[in-house]
2 protein chains.
Amino acid sequence: MNKVTQKLLGLVSDLFGKPDGAYNIREDSLCAGRKSSEYIRIESKTDKPGIDIIVDAGAKGEKVYIPACVTHSDVDDLVYNDFYIGAGADVIIIAGCGIHTDGEGDSRHNGIHRFFVETGAHVLYLEKHIGIGEGTGKRVINPQTIAEIARDGFMEMDTTQIEGVDSTKRITRAVLGEGARLVIREKIMTHGSQSAVTDFEVELNGDGSGADLVSRSVAKGASKQLFRSRIYGNAVCSGHSECDAIIMDGAEVSAVPELTARHVDAALIHEAAIGKIAGEQIIKLMTFGLTEKQAETKIIEGFLK
Amino acid sequence: MNKVTQKLLGLVSDLFGKPDGAYNIREDSLCAGRKSSEYIRIESKTDKPGIDIIVDAGAKGEKVYIPACVTHSDVDDLVYNDFYIGAGADVIIIAGCGIHTDGEGDSRHNGIHRFFVETGAHVLYLEKHIGIGEGTGKRVINPQTIAEIARDGFMEMDTTQIEGVDSTKRITRAVLGEGARLVIREKIMTHGSQSAVTDFEVELNGDGSGADLVSRSVAKGASKQLFRSRIYGNAVCSGHSECDAIIMDGAEVSAVPELTARHVDAALIHEAAIGKIAGEQIIKLMTFGLTEKQAETKIIEGFLK
């Protein structure tokens, strides 16, 4: 793998050296390294670009790294990755995508990830997106996450896009069975003329299912953000959606959370707040010796932690 | 005016006998009574059905009644009413619409109300909708309220639709200038196979403007409700939207509140909650001697108060 990939892997997966577990490293639409482990098989798809990641039933404490890197301009990467998480397994999946542009051409990564979470399985899915490089070409990342969570399955998604991605459309769809749970924590920061769209849709179909979707974002410069979430309560279930955004400079932020209760025992809640950093918070930190800029940075760090 | 109108007036405007103030009573698309007062003129439109209500600048403590009644089946009423509220005036407008059907034919009232609230004026707008009668014809009420609120103007809307309206689409649009305020309190109850759609859109264009939109609803039977609100913060402003719904039986409720901040000093918040009546609330009231049904009724009354 090349030097840019090595740098990107550190940024998106905290990977420095060889991963401890199964892994597949994608570099400019090719495979730059792969390893299956005792309980996790990684296989190339035969009908389209991408891999199948098969986690054995009952596997515990396993990790799998599947970062994707685009290291130069003029790459249009499309990949389909399917995750089969066997019953009762407990696994951490470290995804993430880094794009480096070095020229005028745009580069794009579209990752379409499907999760089949079997009965009682637990998945922690970590996804970090970043853009770097001196190129003027746009860095575009459009992830799609489609999850089917079976009875008592539990999926946690922790996604972060802090800088350098010019355009992103993040689509997440989930269908939950009986007793299944989904927790999403999303953090986004945009600046310049970047745009970010988040689109969650969750169907709570099983009795006792629940979803908790929380998005925190900071919009700087002339960037634009749109947060959409739709929760359908079709059973005895609970759903919560929250979107908190800090708006700065000349940015624009929209929040459109949608709740639909189709069952008398569906309990659904959402909250959203958009506003700037409170002046008194900045003044407080300035009395501790920080400059206004430093105070602002500190508050944003805390907000996105 | 006929007996049905007299009954409907009591229900929608608490009017029994002559109103104390200016009034215009609409009965089956005709005028059943009108009176201007010293500071409020009511004039028929010449280009389309409807009236102009002109409130003099500085008029204080004035009231105007403008109920509309449909007293039988097969009426399709459409009316355009424009309200000109002079600078500094302080006025209460009691609108409201009652529909009585007695046959198989549907009856419909579409009221398109425009408000021009001048500098510093204050309007309290009360609007109650009801449907009665033994007819199988549908009772349909589609109100549109379009408000322009000038500097430091203040409009309060208090709208209630408790029973008997089979279908309603309630559209409210408001554009607020500097220091202007809008407060909306909406209460809706649907049952059977009724449907209710609420659609608010508020543009906060002036510095210091603010909107507070609160909707409370109860959906029973197989009824369907959709609550939409859009608040655009285009200036130094604050906006709040809240939708709380009790779902019962086989009803369906959707809440889609949308916030868009286009100014760094726009502070926007929304909240929504959909759920059934908490079991412990019912049990508590039952220990005081109420039946389950009575307890439920009590809780709903309190919720919609």
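# From values to terms

Tutor: The secondary structure of chain A in this predicted model comes to three helices and 21 strands, where helices (H or I, at least four residues) and strands (E, at least two) are DSSP runs numbered from the N terminus.

Student: What makes chain A as compact as a globular protein of that length?

Tutor: The radius of gyration, taken over C-alpha atoms, is set against the globule rule, which is 2.2 Å times the number of residues to the power 0.38. For 305 residues the rule gives 19 Å, and chain A has 20 Å, which is close to that, so chain A is as compact as a globular protein of that length. Along its principal axes, the C-alpha trace of chain A spans about 55 × 55 × 35 Å.

Student: What conventions apply to the numbering and to the atoms?

Tutor: Residues are numbered from 1 along each chain as its sequence is written, while chains are lettered from A and ligands numbered from 1 in the order in which they are written. As the model is predicted, local features need pLDDT of at least 70 and side-chain atom pairs count only at pLDDT 80 or more, whereas totals for chains, interfaces and linings use all residues; side-chain values use heavy atoms, with hydrogens and water left out.

Student: How do you know that the two copies are related as by a two-fold rotation axis?

Tutor: In general, two copies of a chain are related by a rotation about an axis and a shift along it. Here the superposition is by least squares on the C-alpha atoms of residues with pLDDT of at least 70 in both copies. Chain A is brought onto chain B by a rotation of 180° with 0.0 Å of shift along the axis, at an RMSD of 0.0 Å. The two copies are therefore related as by a two-fold rotation axis. Among the residues of chain A, A:Glu271 comes closest to that axis, its C-alpha lying at 2.2 Å.

Student: Why is A:Asp74 called exposed?

Tutor: Relative accessible area decides the class: buried means under 20%, exposed over 50%, and partly exposed in between (1.4 Å probe, protein chains only). A:Asp74 has 63% relative accessibility and therefore counts as exposed. A:Asp74 is placed in the loop between β6 (68-70) and β7 (76-85) of chain A.

Student: What makes the phi of A:Asp74 worth a remark?

Tutor: Most residues other than glycine have a negative phi. A:Asp74 is not a glycine, yet has a positive phi of about 65°. B:Asp28, in the loop between β1 (22-27) and β2 (30-35) of chain B, likewise has a positive phi, near 50°.

Student: Is B:Asp28 buried or exposed?

Tutor: B:Asp28 has a relative accessible area of 17%, so it is buried.

Student: Why is B:Ile162 called partly exposed?

Tutor: The relative accessible area of B:Ile162 is 26%, and B:Ile162 is therefore partly exposed. A:Gln294, in helix α3 (residues 292-304) of chain A, is also partly exposed, at 43%.

Student: Which residues does B:Ile162 touch, not counting residues up to four places away in sequence?

Tutor: Contact means heavy atoms within 4.5 Å, and on that basis B:Ile162, which lies in strand β13 (residues 154-163) of chain B, touches B:His129, B:Met189 and B:Leu304. The C-alpha atoms of B:Ile162 and B:Lys187 are separated by 7.3 Å, although these residues are 25 apart along the chain.

Student: Why is A:Ile171 counted as buried?

Tutor: A:Ile171 has 18% relative accessibility and so counts as buried. A:Ile171 lies in strand β14 (residues 167-176) of chain A and, leaving aside neighbours within four places in sequence, is in contact with A:Pro143, A:Gln144, A:Thr145 and A:Asp199.

Student: What share of the contacts in chain A with a separation of 6 or more comes from residues 24 or more positions apart?

Tutor: Such residues account for 80% of those contacts in chain A.
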